[in-house]
Amino acid sequence: MTATATIYIVYYSTYGHIHKLAKALETGAQRVKDVDIKLFRVPETLSDEILAKIHAPPKPEEVPVIEQAGQLTDADGFLFGFPTRFGMAPAQFKAFLDSSGGIWAAGALRGKQAGLFTSSNTQHGGQETTALTTLPFLAHHGLQYVPFGYGHPALNATKEVSGGSPYGASAVAGIDGDSPTKTELEIAEAQGEYFAKQVLIRKLGEKAFAEQQ
Ligand SMILES: Cc1cc2nc3c(=O)[nH]c(=O)nc-3n(C[C@H](O)[C@H](O)[C@H](O)COP(=O)(O)O)c2cc1C
C-alpha cells in the first residue's frame, strides 16, 4: 500500500530565527519519502517604516506568502512556527489564524495534524506558554496536535542553554547572534522528520481504513 502526504510549514519571523528553524524542520521532514513539504510565510502586518525602525531584516523572497487560510485545506499536516510575544503568538500569526473562520465553519481541517515550534529572547521567556496558548486554535479546528515529546537526547541535557521542549523545537534568540544553535537546529530537524512520519502514517491508516469499511 502506498500513500503520499503534503505538509505545509507555515511561519512568521521578524528577525529570522524562526525562519532558520523552519528550514531545519523542512530538512528533517525531507528525510521521509513520499512526503511533499512546502514553506510559507504569513503576511506581515507591520509597515515598512516600522520594520526599518525595529531593524528587521528583509523577508526571504524565496518563501511564498500564504495569502489566505483556505490554502491550508490542500495539506495533510502543518508545522506552525512563530516567535513569542509575551508568552503567546504574535499578532501577525494571530491575524492569519483569525482569517480561518470559513474553513473552521466547513470543518475543513478536522482530523489533520499540526505541530508547533517557537522562539523567545530569554531562556524562560515563554516558549512553552506560546505553544500552550495556541492549543485552543488546534482544538477548535479539530486538528490533532502532534507534540514532539522527548524525541531528541538534547531535551534531557542541562549543561547548555538551549531551546527545544516536548511541545516542539525552539530557539533562545538571545542578543549575541549565535542562535539557533547547532543543538536547536538538530532538534528542529528531528521534529520535522518525526512529524512527517506521523502524517504519512495517518494517511496510510486512512487508506487502509477506507478499504476495510
Ligand atoms: C512585543 C514583543 C514581545 C516579546 N515578548 C517576549 C517574551 O515574552 N519573552 C521573550 O523571551 N522574548 C520576547 N520577545 C522577543 C522575541 O520573541 C524574539 O525577538 C523572537 O523570538 C525572535 O524570533 P524571530 O527572529 O523569528 O523574529 C518579544 C518581542 C517583541 C517585539
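A polar contact here is a pair of N or O atoms within 3.5 Å; within protein, one must be able to donate a hydrogen and the other to accept it, and residues adjacent in sequence count only if both atoms are side-chain atoms. By that rule, a polar backbone atom of threonine 84 sits 2.9 Å from an oxygen atom of the ligand.

The model is predicted, with local features needing pLDDT of at least 70 and side-chain atom pairs counting only at pLDDT 80 or more, while totals for chains, interfaces and linings use all residues. Residues are numbered from 1 along each chain as its sequence is written, and side-chain values use heavy atoms, with hydrogens and water left out.

**The ligand and its shell**

- The side chain of serine 13 places a polar atom 2.6 Å from a ligand oxygen.
- Threonine 122 also takes part, with a side-chain N or O atom 2.9 Å from an oxygen atom of the ligand.
- Of the 640 Å² that the ligand exposes when taken alone, the protein buries 78% (Shrake-Rupley accessible areas with a 1.4 Å probe; for residues, only the protein chains shown count as cover).
- The ligand is surrounded by 16 residues (each with a heavy atom within 4 Å of it), and Ser13, Tyr15, His17, Ser119 and Gly125 are the closest.
- At least two shell residues come from each of helix 1 (17–29) and strand 4 (113–120) (DSSP runs numbered from the N terminus: H or I of at least four residues for helices, E of at least two for strands).
- The shell holds four nonpolar, 11 polar and one charged residues (Ala, Val, Leu, Ile, Met, Phe, Trp, Tyr, Cys and Pro are nonpolar; Asp, Glu, Lys and Arg are charged; the others, Gly among them, are polar).

- On a 1 Å grid over the protein atoms alone, a pocket is an open set of points with protein on both sides within 12 Å along at least five of seven lines, a cavity is a set where a 1.4 Å probe fits but cannot get out, and lining residues have an atom within 4 Å of a point.

**The cavity**

- One cavity reaches 30 Å³ or more, and the largest cavity has a volume of about 70 Å³.
- Among its 13 lining residues, Phe117, Thr118, Gln127, Ala131 and Tyr167 are closest to the centre.
- Strand 4 and helix 5 (127–132) each give two or more residues to this lining, and helix 5 has the largest share, with four.

Conventions:
Points joined across faces, edges and corners; volume = space filled by probe spheres on them.
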